[in-house]
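Let's work through some exercises together. Have the viewer ready and try each task before you read its solution.

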Amino acid sequence: MYTIPLGDDGAGLCPLLPRQAGEFLAHVDRGREFIGRFNGLPDVITDLASSRAFLQAYAEKEAADAGRICGIRLDGTLVGAVILRRMDVTRGTAEAGCWLEPAAVGRGLVTRGARVLIDWAIRERGIHRVEWWVSPHNAPSIAVARRLGMRRDGLLRESYLHRGQRHDEEIWSVLAPEWTGGAD
């Protein structure tokens, strides 16, 4: 399997496949509470079967050219991921997302990984608009959107239910003509 280096610190970006469900579950378990503050992933990935089903769904999205998941590794250990939750090549739109376990925070891994994935979507798949949906309380994720050259488009008030509570969501985006590779 290939890994795209994300710098000289041992970080890399690589595909996540259904056969890696055990490793993916262990990663989610290490960051379950931290990731779950703003992301419903830990509520979906609860055991090996759900981990495998999640990765299988992304394998099917990738086969249909409708999404993608890439693991972020640090010295070979899976510590996070960047995703294209949705991708519509015909319409030229995609939604990117991410998460990290706590031990990997503060190293720029999400920015570097998202930069590679968004660049691929724009340059290779012809995506015109990439969105980043984020809680207005998730300052680190908003900082990533800014570092990627995204602009805040607006706020969706109480747009999603997470752990029994309604939450607002900001939408940030970058358009293909604006994309510079997310240079800081």
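**Exercise 1.** Find which residue of β6 A96 stands opposite.

*Solution.* Step 1: go to A96; across from it, in β6, is W132. Step 2: look at the two strands, which run parallel, with four bridges joining β5 to β6. Strands are DSSP runs of E with at least two residues, helices are runs of H or I with at least four, and both are numbered from the N terminus. Two strands pair if DSSP finds at least two bridges between them.

This is a predicted model: local features need pLDDT of at least 70 and side-chain atom pairs pLDDT 80 or more, while totals for chains, interfaces and linings use all residues. Residues are numbered from 1 along each chain as its sequence is written, and side-chain values use heavy atoms, without hydrogens and water.

**Exercise 2.** Work out the strand order of the sheet and which strands stand at its edges.

*Solution.* Step 1: trace the open sheet of eight strands, β1-β2-β3-β4-β5-β6-β8-β7, with mixed pairing. Step 2: check the ends; β1 (4-5) and β7 (151-162) each have a single partner strand, so one side of each lacks a neighbour in the sheet.

**Exercise 3.** List what V130 is in contact with, leaving aside neighbours within four places in sequence.

*Solution.* Step 1: contact means heavy atoms within 4.5 Å. Step 2: the partners of V130 are A94, A96, I118, I122, M150, W172, S173 and V174.
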